[in-house]
Amino acid sequence: MTAHDWVLADAFDRAAPTYDAMVALSPGYHEQLRTAADALVAGLPLDEWGTARVLDLGCGSGASTQALLDAWAAAGYESGSIAVAGVDASAGMIGEACRKTWPAGMDFVVSDAVEYLRTLPDASVDGVLGAYLLRNVPDRQALVEEVARVLVPGGTVVLHDYSVAGSRRARAVWAAVCHAVIVPLAAIKRSDVPLHRYLYTSVRDFESVADICRRLQEAGLTDVRHRSYRGWQDGVVHTVAGGRPA
Ligand SMILES: C[S@@+](CC[C@H](N)C(=O)[O-])C[C@H]1O[C@@H](n2cnc3c(N)ncnc32)[C@H](O)[C@@H]1O
């Protein structure tokens, strides 16, 4: 198989049955998703009925979707008052998400994220979460511009991903964790090893947090800010948030 034949969605299809078990071994994975989801919920402009329409782009097996629902409940809102569309290019990952039990108002769609956004009217969603998505999207500027277009005034986007560009320490930590832990674990857990090698190279070659912030600003989003996390993910895992001016 050449690099050209390798299709990311197919690799996620192959990894889907073991995806939840793999991320369960990643310290802080769910807590960090929850922090990103809390930032999104805190920035949602609720309508007069106190409801919100949210997209979880690259929702995968639903870990980030569950984080959104948990953040919504922790903020004191009723579970039926949020509508979430989880969108993912991998049918296998969406299949894993659909196997789980969800409250009313959830919808899971197999689609490329940019193509899905292009089907939506202007100013039609209150919030967008993209957890571990941006790095995987070929046309990142199109994604960010489409997100800015579909957000209502006052709406919020949160992007959460690995980025090590510009930090020698973060690059060294990422290489060590991937070579010593993540790729060997993928083999032990019988997950998709080429996907986990791609995880290493895609993060190694991904843009910096400053570049991501600049993308959001160039798309007209404001109040752009970012944070990282404790532990080995310090300077490696980042949450970037921004909003459409009200
Ligand atoms: C690492 S998983 C993250 C899943 C979930 N957000 C989480 O935090 O656990 C990345 C997901 O993005 C999806 N993905 C990658 N590129 C995509 C694209 N262009 N459009 C939609 N989904 C995409 C993959 O299929 C995969 O399920």
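## Exercises on a predicted model

**Exercise A.** Which residues does H196 touch, not counting residues up to four places away in sequence?

*Solution.* 
- H196 touches I182, V183, A186 and S191, once residues up to four places away in sequence are left out. Two residues are in contact if their C-beta atoms, placed from the backbone, lie within 7 Å.
- Now place the residue: H196 lies in helix 8. Helices (H or I, at least four residues) and strands (E, at least two) are DSSP runs, numbered from the N terminus.
- Then check a C-alpha distance. H196 and W174 are 12 Å apart in space and 22 residues apart in sequence.

Two notes before you go on. Residues are numbered from 1 along each chain as its sequence is written. The model is predicted: local features need pLDDT of at least 70, side-chain atom pairs count only at pLDDT 80 or more, and totals for chains, interfaces and linings use all residues.

**Exercise B.** Is H196 buried or exposed? Decide for Q66 as well: buried or exposed?

*Solution.* 
- Learn the cut-offs. A residue is buried if 20 or more other C-beta atoms lie within 10 Å of its own, exposed if 12 or fewer, and partly exposed in between; C-beta atoms are placed from the backbone.
- Apply them to H196. It has 20 other C-beta atoms within 10 Å, so H196 is buried.
- Apply them to Q66. This residue is found in helix 3. With 20 C-beta neighbours inside 10 Å, Q66 counts as buried.
- The C-alpha atoms of Q66 and K100 are separated by 10.0 Å, and the two residues are 34 apart along the chain.

**Exercise C.** At what angle do helix 1 and helix 8 pack, and how far apart are their axes?

*Solution.* 
- Helix 1 (residues 8-24) and helix 8 (residues 193-204) pack at an angle of about 115°. Their axes are 9 Å apart. Axes are lines fitted to C-alpha atoms, for helices over the stretch in contact, and angles run from 0 to 180 degrees between N-to-C directions.
- Look at the residues. In helix 1, A11, F12 and A15 meet P194, L195 and Y198 of helix 8.
- Sort them by class: six are nonpolar, none is polar and none is charged. Ala, Val, Leu, Ile, Met, Phe, Trp, Tyr, Cys and Pro count as nonpolar, Asp, Glu, Lys and Arg as charged, and the others, Gly among them, as polar.

**Exercise D.** How many residues surround the ligand, and which are the closest?

*Solution.* 
- The count is 21 residues. The closest are G58, G60, A63, S90 and A113. A residue belongs here if its C-beta atom, placed from the backbone, lies within 6 Å of the molecule.
- Ask which elements contribute. Helix 1, helix 3 (63-74) and strand 2 (82-88) each supply at least two residues of the shell. Helix 1 gives the most, with three residues.
- Sort by class. The shell has 14 nonpolar, five polar and two charged residues.

*Solution.* 
- Recall the background. Most residues other than glycine have a negative phi.
- Take A123. It is found in the loop between helix 5 (113-118) and strand 4 (125-131). Its phi is positive, about 50°, although A123 is not a glycine. A123 is partly exposed, with 14 other C-beta atoms within 10 Å.
- Take Y132. It is found in the loop between strand 4 and helix 6 (140-150). Phi of Y132 is near 60°, again a positive value in a residue other than glycine. Y132 has 21 other C-beta atoms within 10 Å, so it is buried.

**Exercise F.** With which residues is G28 in contact, leaving aside its neighbours within four places in sequence?

*Solution.* 
- Locate G28: it sits in the loop between helix 1 and helix 2 (29-42).
- The contacts of G28 are Y229, G231 and Q233.
- Compare sequence with space. G28 and Q233 are 205 residues apart along the chain, while their C-alpha atoms are separated by 8.6 Å.
- Count neighbours. With 15 C-beta neighbours inside 10 Å, G28 counts as partly exposed.
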